[in-house]
Amino acid sequence: MRIGIVGGGLAGTLLAWRLCRTASVDLITGAPVPVDATGASGGLVRGFDRGPATAALATESLVELRADQTLRELAGYREIGSVFLLPPGTDPTESVRVIDERLPGSATVVTGTALDAYPFRELPAGAVAVVERFAGQLSPARLRTAALELVDGTIRTTPVTTVTEAGVRLADGSTHRYDAVVVAAGAWTPTLLAGTALRTKQIQYSVYEAELDGLGVFDDTISGLYGLPAGESRFLLGLPCDRWDIDPADVRPDLALVDRVADTARKLLGIELDRPIRMVAAFDCYSDPPGLALRPTSFPSVFTFTGGSGGAAKTALAASRLAAAELLT
């Protein structure tokens, strides 16, 4: 079976690595770009997600990562724990059960005064937290580079212009046909493959001088603020961006969002932030429902493998293994 994979981000590269063991693979990465979703990702990894199906994928990814020392080193994995804050009235039981089946003792539900152990302020009464021991951060860019070196197949760096049932057309005028084509090009997917329901969205975060002792990865779905340690006395912080349907070639920092991050951090964490040390503005591709998964298109034997929710790094290992199995069967 000959498979063409369009896109050299984390998703496409991991899928090519999975497939090249049993199929003939062409990975078409296109020309390097300054910042893509893989390069910009903060790499937050945990098992918990409000959707049990996503929690299962994220947990399976963590299981594989924790079981393979070489993979952990290649991905630069740091196990620093995770706190996921949920609004009052949320019941995380089903997703926590999913985690506990594969990583017993990792996830705990924390409520009431037990939340006082964390540096969060002004939480609404009845807020819930899912705390995980076996969670942390990896480097999607490092993992992509490592997987790329392990791909036993043809790697093409010529940009792709279009993908149809007739094949993959490159910027040099050549067209390549395959038994199956997977477009894993992130935010470029809607441009390359007409008729998809995928949308592009800006992602943005900043790194600040900040002291938050004892706090690892966190995600507050009440205020939207998320973050993780980014070096000594430094913290990466961000909020969801509302810029949809952007042109990947024309992404500009949203300065108003930077101000909102500072204001939210003041309220939630009680810290005053100076100007960011570093600001990252990039883009990703979203589907409805969200999640990194292999999806069919209107063209026979053409699929997409993208459409995360801005946090696809946590499911990429398991999702790529599942996608490869689906393609081969």
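Guide: Start at strand 20, where F303 stands opposite V182. Keep in mind that this is a predicted model.

Visitor: How many bridges pair strand 13 with strand 20, and in which sense?

Guide: There are 3 bridges, and the two strands pair in the parallel sense. Strand 13 is also joined to strand 1 (residues 2-6) by 4 bridges, and that pairing is parallel too. There, V182 is the bridge partner of I5.

Visitor: Which way do the side chains of strand 13 point?

Guide: The general idea comes first. In a regular strand, side chains alternate between the two faces of the sheet. In this case, A180 and V182 point one way from strand 13, while V181 and V183 point the other way. All four are buried.

Visitor: What should I know about buried nonpolar residues?

Guide: In soluble globular proteins, nonpolar side chains tend to be buried together. Here the largest nonpolar core has 48 residues, and I5, L14, L15, L19 and F305 touch the most other members. Helix 1 gives the most to this core, with 7 residues.

Visitor: Which residues does L19 touch, leaving out those up to four places away in sequence?

Guide: L19 touches I3, I5, V25, A324, L327 and L328. Another core, of 27 residues, lies apart from the largest one. Its members include C241, L257, A262 and I271.

Visitor: A324 and L327 were on the list for L19. Which residues of helix 9 are buried?

Guide: An α-helix has 3.6 residues a turn, so residues three or four places apart point the same way. In helix 9 the buried residues are A316, L317, A318, A319, S320, A323, A324 and L327. They pack against helix 1 (10-19), helix 3 (52-67) and helix 4 (69-75), and also against strand 13 (180-183), strand 19 (293-296) and strand 20 (302-306).

Visitor: How far does helix 9 reach from its first C-alpha to its last?

Guide: Helix 9 (residues 316-328) has 13 residues and reaches 18 Å, close to the 18 Å expected at 1.5 Å a residue.

Visitor: What does the side chain of D26 make polar contacts with?

Guide: Another, of 2.9 Å, joins the side chains of D26 and Y178. Not counting residues up to four places away in sequence, D26 touches R2, I3, G4, I5, T154, R156 and Y178. T154 shows how the fold brings parts of the chain together: D26 and T154 are 128 residues apart along the chain, yet their C-alpha atoms are separated by 4.7 Å.

Visitor: Why does T264 count as buried?

Guide: T264 counts as buried because its relative accessibility is 15%, and the cut-off is under 20%. Its side chain reaches the backbone oxygen of R260 at 2.8 Å. Beyond four places in sequence, T264 touches S223, L225, L239 and L269.

Visitor: What is the order of the strands in the antiparallel sheet?

Guide: That open sheet has 3 strands, in the order 10-11-12. Strand 10 (160-164) and strand 12 (175-176) stand at the edges with a single partner strand each, so one side of each is left without a neighbour in the sheet. Strand 10 is joined to strand 11 (residues 167-170) by 4 bridges, and the bridge partner of T164 in strand 11 is G167.

Notes
Residues are numbered from 1 along each chain as its sequence is written. This is a predicted model: local features need pLDDT of at least 70, side-chain atom pairs count only at pLDDT 80 or more; totals for chains, interfaces and linings use all residues. Side-chain values use heavy atoms; hydrogens and water are left out. The expected span of a helix is 1.5 Å times one less than its number of residues. Buried means under 20% relative accessible area, exposed over 50%, partly exposed in between (1.4 Å probe, protein chains only). Contact means heavy atoms within 4.5 Å. A polar contact is a pair of N or O atoms within 3.5 Å; within protein, one must be able to donate a hydrogen and the other to accept it, and residues adjacent in sequence count only if both atoms are side-chain atoms. Two strands pair if DSSP finds at least two bridges between them. A nonpolar core is a set of buried Ala, Val, Leu, Ile, Met, Phe, Trp, Tyr and Cys residues joined through side-chain atoms within 4.5 Å.
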